[in-house]
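Welcome! Have a look at the model, then read on.

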Amino acid sequence: MRTLPSRMKAKQRWLQLGLLALLLVLLAVIRAALAWDRGWYVSINWTESLPFWAFIVDERAEPDIGDYIDFWPPENPYYDHIAFVKQVVAGPGDLITCEGRRFFFEGREIALAKEVSQAGDILHLGPCGVVPDGHYFVLTPHKDSFDSRYQEIGYVPRDRVRGVARPLF
């Protein structure tokens with residue numbers, strides 16, 4: 001059984017470790033703040049379509065397959081003036097194939113398009129074929145994600161991409 005002085009020493013040790021961890025986090029935040037410039041901003045994902053809810057967006061980075069991008073979707077009946085964050089699964093020159101409502105890239109199924117929205121509206125299939133120059137095919141694995149598998153979003157043109165989004169949380 002521990003004596004009172006040994007319990008107090010253990011408690012004091014945990015307090016010291018906690019303060020050290022807090023100091024390290026504070027130093028990391030200060031370093032990030034000092035490196036911050038106009039080429040970066042924070043983007044928040046308000047939906048359940050991604051496992052992350054906060055992103056640091058680099059406006060100068062060029063998107064690549066596997067990257068998340070923050071972009072302005074085209075006008076659509078579901079979202080008004082809300083930027084999207086989705087993952088790039090195919091880029092210019094890549095081939096997206098379709099069988100029914102199933103989408104494939106490099107022979108691997110990447111998405112299944114729903115027939116109707118959560119509101120009961122008919123959803124039209126997005127594009128299949130070679131991704132045009134200056135465009136991206138984007139999606140998230142969530143069944144309710146509104147992305148390139150639907151005509152209302154389609155291929156995302158580079159001029160609508162705000163930046164490459166790096167997950168924070």
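Let us begin with a pair of charged side chains: Arg102 and Glu109 meet in a salt bridge, with 3.2 Å from N to O. Bear in mind along the way that this is a predicted model. Arg102 is partly exposed, at a relative accessible area of 33%, and Glu109 also counts as partly exposed, at 39%.

How many salt bridges does the structure hold? There are 8. Side chains of opposite charge can pair when their charged atoms come close. The table lists three of these pairs.

| Salt bridge | N to O distance |
|---|---|
| Arg102 and Glu109 | 3.2 Å |
| Asp144 and Lys114 | 2.5 Å |
| Arg166 and Asp67 | 4.0 Å |

Take the pair of Asp144 and Lys114, which meet in a salt bridge. Asp144 sits in the loop between strand S9 (135-139) and S10, while Lys114 sits in the loop between S7 and S8, so this contact ties together parts that are 30 residues apart in sequence. Salt bridges with shared partners also join Lys114, Lys143 and Asp144 into one network. Asp144 is partly exposed, with a relative accessible area of 23%, and for Lys114 the value is 23%, which is partly exposed too.

Next comes the salt bridge between Arg166 and Asp67. Arg166 belongs to strand S11 and Asp67 to the loop between S2 and strand S3 (68-71), so the pair ties together parts that are 99 residues apart in sequence. Arg166 is partly exposed, at 36% relative accessible area.

Arg166 also leads us to the sheet, where Ile56 stands opposite Arg166 in S11. Strand S2 (residues 54-58) and strand S11 (residues 161-167) run antiparallel and are joined by 4 bridges. They are part of an open sheet of 7 strands, in the order S1-S2-S11-S3-S4-S9-S10, with antiparallel pairing. Its edge strands, S1 (40-44) and S10 (156-157), each pair on one side only.

The structure holds 1 disulfide, and it joins Cys98 to Cys128, with 1.5 Å from S to S. Cys98 is in strand S5 (residues 95-99) and Cys128 in the loop between strand S7 (108-112) and strand S8 (129-130), a link between distant parts of the chain, 30 residues apart. The torsion about the S-S bond is about -85 degrees, so the disulfide is left-handed.

Finally, turn to the surface. Leu15, Leu19 and Leu22 make a nonpolar patch of about 320 Å². Leu19 lies in helix H1 (residues 4-35). Is Leu19 buried or exposed? With a relative accessible area of 51%, Leu19 is exposed.

Conventions
Residues are numbered from 1 along each chain as its sequence is written. This is a predicted model: local features need pLDDT of at least 70, side-chain atom pairs count only at pLDDT 80 or more; totals for chains, interfaces and linings use all residues. Side-chain values use heavy atoms; hydrogens and water are left out. Two strands pair if DSSP finds at least two bridges between them. Helices (H or I, at least four residues) and strands (E, at least two) are DSSP runs, numbered from the N terminus. Patches are made of residues with over 30% relative accessible area and no salt bridge: like charges are joined within 9 Å, nonpolar side chains (Val, Leu, Ile, Met, Phe, Trp, Tyr) within 5 Å. Accessible areas come from the Shrake-Rupley method with a 1.4 Å probe; for residues, only the protein chains shown count as cover. Buried means under 20% relative accessible area, exposed over 50%, partly exposed in between (1.4 Å probe, protein chains only). A disulfide is a pair of cysteine sulfur atoms within 2.5 Å.
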